[in-house]
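Here is a short briefing on how parts of one protein chain pack together. The model is predicted.

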Amino acid sequence: MSVAVPAKTFAQPPVPIFSTSPVYQMACKQLQTVAGVMDCDPGIIERLSVPKRSLVVSIPIRMDNGETRCFAGYRVQHSLTSGASKGGLRYAPSVDLGEVAALSMWMSWKCGIMNLPFSGAKGGIACDPTRMSRGELERLTRRYTEEVLPIIGPRVDVMAPDLGTDEQTMAWIMDTYSMKVGYACPEIVTGKPVEIGGCVGRREATGRGVVYCIMDALHEMNIRPEESTAVVQGFGNVGSVVCQELVQHGVKIIAIGDRDGAILNKKGIDIVALAKHVQTTRTVKGFKEAEAISNEQLLSTPCTILAPCAMERVITAENAGKVRCKLIAEGANGPTTPEADLILQENKIFVIPDVLCNAGGVTVSYFEWVQDMAQFFWDESQVNEKLKELMRKSYHKVRALSLQKNLPMRLAALTLGVQKVANEKATRGLFP
Ligand code: NAD
């Protein structure tokens, strides 16, 4: 369905602080590949290869046992060209500046593909939220908000949940910011609870968007959902909704994995029962109606659809050749390395790339921000209808470019995203 395209070589990113990070290198490599097929001023590509603004903060908090601990926190704004910067906040032990910078760059392309009036940003704290109490997480979140206060704002930079954070995290940020400015300011974050200005359907939006893309791809491949099987990595916000929505379309989910292990049942996993199990144990591991498998086995389980919905760089040069599916739908950000991409192309596996596939989250975040700004709220059917319309429109725009120029789907998607931001930069010109 696609061919590899050779990349032109561009200068190294001018800020070396990021360049030791493999995730950031991966994002830069993708940008260089796009630059190789795009007609664009190399000066603009150079400006886009390094984030506009990055803040590293130390977050001291009192732990429940009375000790004081300092955590490293980051907020990176890749660009401020297209509107307020927008992007999630992640809590995970692996978080570092390079990872956050790469994720902020992908957010810029994603907003470009979806034609949203936002630039890309991302934030994170290096911590293990599964080993922290609610009180510790609240103190961590409130102090982080205080530390990044100088560079956030409803028209400057708006956060949302990501790996390890949720609606409650956003509520604490909203409250801390509102206390600082002196009035209730729901538009400072998206993905917050509905009762304080959140949007109905936001929690499910990323997973729903993934499934809209899968359904259009299956249709084109002449595969009926009822005859399809799926393997999903991650059973959090994104993965669990992908499972629920796929089941609604008649797809059989045969394997699911998370941080602690993976499970397989070729007859189909009962997602409602699994969700109850996860609610009490916080993991899919130990679910009785399935056999235990390793995370490696999970990714090589034969299936129609493989949906990585956990974290970046899980499909690599080492395991890409073992992947046995027809379609990969990237719910997670950056799950496939560029080297793995080439192997998947050779094996004719159709990939719906992250910047398109998981863009449902930021799209409904945009709806939430618009509603908060206007103080006028939509019902869930309006939200879902509009999400479906925008996701399908972008999917078909990317697919059309991919077919027209014979580009892999990832390259077509990134080209659309980068082109939009590059055009805006060119039109605005260089200050001063
Ligand atoms: P989450 O914290 O709700 O869930 C993450 C899931 O991944 C959990 O089931 C966890 O156990 C699993 N996981 C973590 N580390 C793993 C590992 N090493 N191996 C296997 N499984 C592992 O996070 P989420 O919000 O569902 O985000 C998942 C991915 O989707 C991330 O890449 C995130 O950037 C991306 N994403 C999320 C949103 C959103 O709206 N939440 C939007 C766009 C993209």
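Domain 1 and domain 2 bury about 1400 Å² between them. Carbon and sulfur atoms give 58% of that area. Met26, Trp106 and Lys110 supply 33% of the area that domain 1 buries against domain 2, more than any other three residues.

**Domains**
- The domain assignment of the chain places domain 1 at 22-183 and domain 2 at 203-357.
- The C-alpha centres of the two domains are 26 Å apart.
- On the domain 1 side, 17 residues are in contact with domain 2. Their partners are 15 residues of domain 2.

**Helix 13 and helix 14**
- Helix 13 spans residues 380-405, and helix 14 spans residues 409-428.
- Their axes come within 8 Å. The crossing angle is roughly 115 degrees.
- The two helices, helix 13 and helix 14, are therefore roughly perpendicular to each other.
- The crossing of helix 13 and helix 14 is right-handed.

**Residues at the helix contact**
- Helix 13 contributes Tyr395, Lys397, Val398, Arg399, Leu401 and Ser402.
- Helix 14 contributes Met409, Ala412, Ala413, Thr415 and Leu416.
- By class, the contact between helix 13 and helix 14 has seven nonpolar residues, two polar and two charged.

How values were computed
Residues are numbered from 1 along each chain as its sequence is written. This is a predicted model: local features need pLDDT of at least 70, side-chain atom pairs count only at pLDDT 80 or more; totals for chains, interfaces and linings use all residues. Side-chain values use heavy atoms; hydrogens and water are left out. Axes are lines fitted to C-alpha atoms, for helices over the stretch in contact, and angles run from 0 to 180 degrees between N-to-C directions. Helices (H or I, at least four residues) and strands (E, at least two) are DSSP runs, numbered from the N terminus. Angles under 35 degrees count as roughly parallel, over 145 as roughly antiparallel, 65 to 115 as roughly perpendicular and the rest as oblique. A crossing is left-handed if the near helix is turned anticlockwise from the far one by less than a right angle, and right-handed if clockwise. Contact means heavy atoms within 4.5 Å. Ala, Val, Leu, Ile, Met, Phe, Trp, Tyr, Cys and Pro count as nonpolar, Asp, Glu, Lys and Arg as charged, and the others, Gly among them, as polar. Domain bounds come from an automatic or database domain assignment. Buried area is the accessible area (1.4 Å probe) that two parts lose on being put together, summed over both.
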